[in-house]
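Subject: A structure for you to explore

Hi there,

Here is the structure I promised to pass on. Please open it next to this email and follow along as you read.

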Amino acid sequence: MGTGRRTWAGVLTVLVTGILLAGCTGTTITPQADGAKPVLPAGHQDAEHHDAAHHDAEHAAQSPPPSAQLATAGYRHSGGVVASGGSKAPYNYAPSVLELGGTYRMWWCSQLPGTPRPGDQILYATAPSANGPFVAPNRTPGEEVFGNSPSGFDSLHTCDPSVIEVGGVYYLYYTGTAHSVGNNNSIGLATSTDGVHWTRANRGVAIVSQSGDVRRPNGYGVGQPSALYLNGYFYLMFTDTSGAAATQDGSGQFVLRSPDPAFGRDVESLGQTGFMAVPGTADARTRSIAAATTSDWMWVDALRAFAIATDGSAGTTITFWNADFTYQPYQPVVIGGAQREGPGLVRTADGHAVVSATNPCGQVPVDLVRATGESAGPNGLTHFGVDVDGLHACQQRATALTLLDGFAIPAPDRTVDIVVGDKLVEVERRSVALTLAAGMLTTAPAAVASLPVAAHLKAGAAAVTAPGKPLGITLDDGKLWAIGGPAVAKLNSSPVATITDQEWNAYPRGTDLSDLRP
């Protein structure tokens, strides 16, 4: 938090990297050397997700299988800074990056010159690619969208944003403190409907406080959160220098989960035997999943695993845990290159890995932004990435349905099918299918080719609209399927009729086909 926090994290960089790389071998990705491409062992290709609440005890009693070597390809680097608060901003770090419909939205920690109050603020900007340039809505390099409160736990610093979007609501988890040197931190939460205008949640009170298990010289407290949403739970990974399982200098990553985004009820903490119910978010921290300070994470559907990004002297190390944190199914991957602090993985709205638009079953793009100090701007933010390659992730039906939702596949009768949930929608015109779909596969994986057809979108099918409603098209199942704007109706030669709200609301609803693209 502020200068003190960044200095402490920098001192730990060499220590953290040594711990990670000494514990297991992996693949280091640099501009000169992409990883090898071995075929993954069958036991690792399509491991199904097991809910931790039912299987922790069973897995804890078994010897974990060996970690598999991941194949990698396509190292990439922006070649310089993609975002900053401007040349006079003293620092930029701890980015949180979402890829939403082809737009990259980023929130990060900085301090704009001329701000009438001290402390860190959270900036925001967008770009058409991870290579930037990121530009704020006010056309500056970065616009402040969240800062310290007049009073309370975060009255001096607000930093380390982690943003996800669930059910149309954006959730901003952040570190806050009123301490002049950045100690005694806590984690707060703010919400938004657009990711720009934020309202403090939980009446402005911190949602996670330090446990106080151990009194250490490092008085940082709890902070640097990273959130994701999986199977009905909000997962939160964070630092707590007072946690029992933290190292002597306070590094460590702890995990809470709850169905409540504010972690006010049904909270579970990851311990030595798995997730267990705890009375609150300041309960004892008995297990750390990474000896690190600043980290980010995501759930990778194709690997059925959590991926945790941590910076060190070699670059950013990506380590993996299975769903219930009983073993590490894959060896680490290290994305090399310049770094200073704070990796931010490029993720989907709910904190999952981005699905490849061209090879969703065989490849996972792993992209991140981290502070490097390259080119213009102190601690400017730079993009790095690599592809995890050579997978066979769609062999099992559950994984295939997750990865291929919204993708088009060729149908036997020269039409095109779109995977929508656990069914198919047959589209007569290929141009219409390609406009709606997230991507098009050349062959249909067996796991989805046999899905039942829910409805047919025939050329010329009637389309309707109502004031304030999206354009919908009637399929042969009698339901109204939203298609967004008039472009799809025109491609499909569909006549458009204007109806009343009452008539619109009387239609049974199909899936929103305009929302298939990521």
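To start, which residue in E27 is the bridge partner of Val 425? It is Ala 455.

Before going on, a word on the ground rules. This is a predicted model, in which local features need pLDDT of at least 70, side-chain atom pairs count only at pLDDT 80 or more, and totals for chains, interfaces and linings use all residues. Residues are numbered from 1 along each chain as its sequence is written, and side-chain values use heavy atoms, with hydrogens and water left out.

**The strands around E25**

Two strands count as paired if DSSP finds at least two bridges between them. Strand E25 covers residues 423–427, and its pairing with strand E27 (residues 453–457) is parallel, with four bridges. E25 also runs antiparallel to strand E24 (residues 416–420), and five bridges join these two. One example is Val 419, whose bridge partner in E25 is Leu 424. The hairpin of E24 and E25 has two residues between the strands, and Gly 421 takes a positive phi near 70° there.

Why is E25 described as largely enclosed by the rest of the structure? Because four of its five residues are buried. Here buried means under 20% relative accessible area, exposed means over 50%, and partly exposed is in between (1.4 Å probe, protein chains only).

**Salt bridges**

A salt bridge here is a side-chain nitrogen of Lys or Arg within 4 Å of a carboxyl oxygen of Asp or Glu. How many does a search of the whole structure find? The search gives eight.

One of them links Asp 422 and Lys 423, with the closest N and O atoms 3.4 Å apart. Asp 422 is partly exposed at 41% relative accessibility, and Lys 423 is partly exposed too, at 36%. Elsewhere, shared partners join Arg 76, Asp 367 and Asp 387 into one network of salt bridges.

Let's take that network pair by pair. Asp 367 and Arg 76 meet with an N to O distance of 2.8 Å. Asp 367 belongs to strand E21 (residues 364–371) and Arg 76 to strand E2 (residues 71–83), so this pair ties together parts that are 291 residues apart in sequence. Asp 367 is buried, at 12% relative accessible area, while Arg 76 is partly exposed, at 23%. Asp 387 also forms a salt bridge with Arg 76, at 2.9 Å between the closest N and O atoms. Because Asp 387 sits in strand E22 (residues 381–389) and Arg 76 in E2, that pair ties together parts 311 residues apart in sequence. Asp 387 counts as buried, at 13% relative accessibility.

Enjoy looking around, and write back with any questions!

Best wishes
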